[in-house]
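Here is a short briefing to read alongside your structure.

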Amino acid sequence: MKTKKFNLGFLPTPLHELHQFSRKYTPGYRIFIKRDDHTGLASGGNKTRKLEYLIGAALQQGADTVIASGAQQSNHCRQTAAACAMAGLECHLMLGGEEPKVKSGNLLLSYIFGARIHYSGEKRKGEDAEILVEKLRSAGNHPYLIPYGGSNATGALGYVEATLELQEQLKTLNLQMDYIFFASSSGGMQAGIAMGKAMYGLHARLMPIRIDKEPTVGKTPGEMVSSIINEARERYGLNAEVNEDDLKLLDGYEKPGYGVITANEKKAILALAGSEGILLDPVYTGRAFYGLMHQIENKLIPRGSNILFWHTGGLPATFQYAAALI
Ligand SMILES: *Cc1c(COP(=O)(O)O)cnc(C)c1O
């Protein structure tokens, strides 16, 4: 079945060069940025593109209710809540931990968008979602369950399409990227880019920075990426001969744990903010951009390379991490 898209975003997103940053921190390299922090939908982020397909599928199936899960500062849940508001769907979010007295960052926004919040304690990846699905069904709702991070074959279609968008922008600018860095966690974005790269012949080595050290539904991040690609082959007949290397992630930067801000993330955030006026978030893009800086500083990337950083959003979480940042 072909999935119909529900338009949510401001696309295509801009692509531009980071002149000041390169001059100051990475002389000898040209660094570019793809601004998926400006996809629209409640301040932007990479979930916009996934949600266009996921919400499209929910509406196509006649759903009236959507369920998503994540951490309290989940960007995915905030953007899902906003997407549901736009599509006229009831939104239920299962968020890890206990209800805090003061709601801030993404959690505050999820409330503002009218989502019904269920606190799920230790389980921040939707482990109990089926129970809620059944409860809502017996109450007469038609729920559509979105997997953790919006990462399945349907969500990944958004990044297959985004890769074509990037390819066309690069053609127009007469540019080739040697490396593409981005934050990779539940694997949907990476799976989409890996498939898009194979389908449209994009030249570039993927540098997905691992963010989360815990497995998702018992799978390592690399296993998540390949299972999404297999699902896309079966469900949508996507004929992508994905390179084995594009299923891997760059490990090491995730060691402090998910959502733990160290001197590394802080260094990257302050460097890009101070040289370009661009905000990285503490959980995903701060860690991924540190990975880019670290790889260059340690001469793991040849001089003269063209490098793209694919910004994936995350701004609202910044306010939750104030104490770790300044
Ligand atoms: C969800 C998210 C990612 C990771 O994308 P996945 O498809 O889950 O790997 C990266 N950056 C931000 C800001 C996110 O919210």
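The sulfur of C84 lies 4.0 Å from the closest cysteine sulfur, that of C91, which is too far for a bond; a disulfide here is a pair of cysteine sulfur atoms within 2.5 Å. Please keep in mind that this is a predicted model, in which local features need pLDDT of at least 70, side-chain atom pairs count only at pLDDT 80 or more, and totals for chains, interfaces and linings use all residues. Residues are numbered from 1 along each chain as its sequence is written, and side-chain values use heavy atoms, with hydrogens and water left out.

**Cysteines**
- C84 counts as buried because its relative accessibility is 1% (buried means under 20% relative accessible area, exposed over 50%, partly exposed in between, with a 1.4 Å probe and protein chains only).
- C77 also counts as buried, at 1% relative accessibility, and its sulfur is 7.5 Å from the closest cysteine sulfur, in C91, too far for a bond.
- By the disulfide rule, the count is zero.

- Strand β7 (residues 179–184) is largely enclosed by the rest of the structure, because six of its six residues are buried; helices (H or I, at least four residues) and strands (E, at least two) are DSSP runs, numbered from the N terminus.
- Y179, F181 and A183 point one way from β7, while I180, F182 and S184 point the other way.
- β7 runs parallel to β8 (residues 205–210), joined by six bridges, and F182 stands opposite P208 in β8; strands pair if DSSP finds at least two bridges between them.
- From β7 the chain crosses through helix α7 (residues 188–200) to β8 in a right-handed β-α-β crossover, meaning that, with the strands pointing away from the viewer, the path from the first strand over the helix to the second runs clockwise.
- β9 (residues 306–311) is also parallel to β7, with three bridges, and its I307 stands opposite Y179.

**The largest cavity**
- The largest cavity holds about 230 Å³ of space; on a 1 Å grid over the protein atoms alone, a cavity is a set of points where a 1.4 Å probe fits but cannot get out, and lining residues have an atom within 4 Å of a point.
- Volume here is the space filled by probe spheres set on the points, which are joined across faces, edges and corners.
- Of the 22 lining residues, N46, K47, S185, S186 and Y284 lie nearest the centre of the largest cavity.
- α7 gives the most to this lining, with three residues.

Definitions and conventions: 1 Å grid on protein atoms, 1.4 Å probe; cavity = no way out; pocket = protein on both sides within 12 Å on 5 of 7 lines; lining within 4 Å.
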